[in-house]
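Subject: Structure handover

Dear colleague,

Please find the structure below, together with its sequence. My notes on what was found in it follow directly after.

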Amino acid sequence: ELYIKDFERCFKPVEGFSASYLFMIEGRKQPLFLDVKSEELECGYGSRENIGVYAKLGSDVMDSIVKGRMTFQRAFMTGIMTAKGNFKTLRMLDTVFDFE
């Protein structure tokens, strides 16, 4: 599936860090979820409960992020990605997933 291999390839585990993310990507029927549990990553498409960060962005923005041309932090700070939830957890996205 689109983006799943990118996240799996660029996953850099942080010891003791666990978080769950849900991305609503424009043009996609199902949201993309990422479930990080220390050394493990589960990702796929579908609904999830108990999400730490909900983010909404366009597919062009996600493309730029997974190609290393933009960070999650920059997308959020410039307003092209919106997010709700724990902002410390949001900031960890660029640490846990190194797309550069």
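A residue is called buried when its relative accessible area is under 20%, exposed when it is over 50%, and partly exposed in between (1.4 Å probe, protein chains only). This is a predicted model, in which local features need pLDDT of at least 70 and side-chain atom pairs count only at pLDDT 80 or more, while totals for chains, interfaces and linings use all residues. Residues are numbered from 1 along each chain as its sequence is written, and side-chain values use heavy atoms, with hydrogens and water left out.

Cysteine 10 is buried, because its relative accessibility is 5%, and cysteine 43 counts as buried at 15%. A disulfide would require a pair of cysteine sulfur atoms within 2.5 Å, and a search of the whole structure finds zero of them. Cysteine 10 has as its nearest cysteine sulfur that of cysteine 43, 11 Å away, which is too far for a bond.

Helices (H or I, at least four residues) and strands (E, at least two) are DSSP runs, numbered from the N terminus. Helix 2 (residues 59-66) has the buried residues Val61, Met62, Ser64, Ile65 and Val66, and these pack against helix 1, strand 1, strand 2, strand 4 and helix 3, where contact means heavy atoms within 4.5 Å. After helix 2 comes glycine 68, with a positive phi near 80 degrees.

Threonine 89, in helix 4 (residues 87-91), is buried at 12% and touches Phe17, Ala19, Tyr21 and Val53, residues up to four places away in sequence not being counted. Lysine 29, by contrast, lies in the loop between strand 1 and strand 2 and is exposed at 85% relative accessibility.

Best regards
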